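Here's a quick briefing to read alongside the model. Have a look at the fold first, then come back for the notes.

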Amino acid sequence: MQQKTLITGGAGFIGSHLAERLRSRGEEVVIIDDLSTGNETNIAHLLGNDCSLIKGRVSEVLTAQPELLDGVRHIYHLAASVGVQLVKDNPAATIQNNVHETGAVLEAAHHVNAVVLIASSSEVYGKSADIPLREDGDLIYGPPTGPRWSYALSKAFDEHLALSYHKQAQGSGGKSSGGAVVARLFNTIGPRQVGHYGMVVPRFVAAALSGKPLEVYGDGQQTRAFCDVRDVVGALVGLMENEHCHGEVFNVGSEEEVTIDELADRVIALSGSSSQKQHIAFDDAYEPGFEDPFRRRVPDTSKLRETIGFEREFGLNETLKELIA
Ligand SMILES: NC(=O)c1ccc[n+]([C@@H]2O[C@H](COP(=O)([O-])OP(=O)(O)OC[C@H]3O[C@@H](n4cnc5c(N)ncnc54)[C@H](O)[C@@H]3O)[C@@H](O)[C@H]2O)c1
């Protein structure tokens with residue numbers, strides 16, 4: 001029988017790649033998206049062929065059309081307020097969106113015994129300097145006067161909520177009783193990611209291709225590890241489909257660490273651009289007192305590798321070359 005799967009935020013960057021992957025496996029895909037940061041063009045090629053888009057806020061759609069969940073076994077919950085700039089500009093809306101919508105999804109899923117995969121974030125690690133970051137490590141935050149923490153805390157709250165619902169589901173009836181799994185996504189890159197919410201790779205690529213300066217925030221020595229969205233989507237499906245992963249938290253990302261300076265150099269070299277790097281203080285890029293909590297942000301992905309056999313197929317240069325092309 002054809003499997004029916006719901007993706008919230010499926011018109012967004014990662015969600016649209018996930019929808020493609022699930023459709024290629026023959027699943028029926030239902031997408032709920034309010035198109036706040038996503039775009040219908042991301043999934044236009046999929047729509048109408050066992051793939052549908054319901055436009056609206058997740059909580060409102062699920063309340064108005066509960067029958068959407070009939071026959072759904074898996075829910076990938078990706079809808080969220082995303083991007084440093086967007087979060088900084090809308091801290092209250094970020095909390096409302098990330099916490100309230102996740103609660104609505106988990107509650108609805110609980111009633112139909114569906115499994116929910118929560119797209120959490122490496123930001124939940126906060127200021128932890130325990131590199132590489134491991135799932136069982138402490139989460140360390142600054143004071144609530146720093147607007148940046150609203151995103152990290154809302155995602156951490158989502159994780160607690162998901163794991164609590166999972167426990168409740170397991171308590172209420174064995175194997176077919178749904179549950180939840182948490183994927184802590186690290187920096188993900190690929191086609192359809194947009195730069196205007198603060199994402200560094202699309203910003204750099206666009207600047208290099210138009211001969212403009214690549215604006216590096218801070219001293220550029222902070223590191224990140226960027227993972228191709230195709231590898232990320234493979235991990236998400238693997239986590240959903242392996243029952244042993246449910247009730248657990250997994251880092252999902254690349255261990256290939258680069259400084260942001262080096263990332264800019266690579267984009268310039270790979271695109272043959274005449275652009276230069278331009279360093280800008282965080283205070284000027286965002287606002288006075290803005291805190292970049294991570295000097296290094298690299299996941300330990302051993303749990304993911306050991307549990308679902310995760311291996312990356314795409315190296316950073318390969319993805320950058322494709323994006324530039
Ligand atoms: N891209 C990354 O590097 C990254 C890293 C860590 C975590 N994540 C997580 O992965 C998920 C997907 O991120 P993305 O990069 O694809 O971002 P995105 O902005 O492209 O996707 C989010 C989608 O959710 C939709 N949306 C937001 N709030 C909604 C709501 N209340 N109701 C319905 N739709 C709503 C948006 O319109 C958008 O299509 C998010 O949960 C994000 O926190 C992404």
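Why does aspartate 138 count as exposed? Aspartate 138 is exposed because it has 10 other C-beta atoms within 10 Å, and the cut-off for exposed is 12 or fewer, with 20 or more for buried and partly exposed in between (C-beta atoms placed from the backbone). Keep in mind that this is a predicted model, where local features need pLDDT of at least 70, side-chain atom pairs count only at pLDDT 80 or more, and totals for chains, interfaces and linings use all residues. Residues are numbered from 1 along each chain as its sequence is written.

**Around aspartate 138**
- Aspartate 138 sits in the loop between E5 and helix H5 (149–171).
- Tyrosine 125 is 13 residues away from aspartate 138 in sequence, and the two are 7.1 Å apart in space, C-alpha to C-alpha.

**The ligand shell**
- There are 27 residues around the ligand, and Gly9, Gly12, Thr37, Gly38 and Ala80 come nearest; a residue is near if its C-beta atom, placed from the backbone, lies within 6 Å.
- Helix H1 (13–24), strand E2 (28–33), helix H4 (91–112) and strand E5 (115–121) are the elements that each give two or more residues to this shell.
- H1 gives the most, with 3 residues.
- By type, the shell splits into 12 nonpolar, 11 polar and 4 charged residues. Here Ala, Val, Leu, Ile, Met, Phe, Trp, Tyr, Cys and Pro are nonpolar, Asp, Glu, Lys and Arg are charged, and the others, Gly among them, are polar.

**Two domains**
- The domain assignment, which is automatic or from a database, gives domain 1 (4–189 + 227–252) and domain 2 (200–224 + 256–300 + 313–324).
- Their C-alpha centres lie 26 Å apart.
- Across the boundary, 18 residues of domain 1 are in contact with 14 residues of domain 2, contact being C-beta atoms, placed from the backbone, within 7 Å.
- The side of domain 1 that touches domain 2 has 5 nonpolar, 6 polar and 7 charged residues.

**The whole protein**
- The protein has 11 helices and 13 strands, taken as DSSP runs numbered from the N terminus (H or I, at least four residues, for helices; E, at least two, for strands).
- Buried residues make up 42% of the 325 residues.

Terms used: Two residues are in contact if their C-beta atoms, placed from the backbone, lie within 7 Å.
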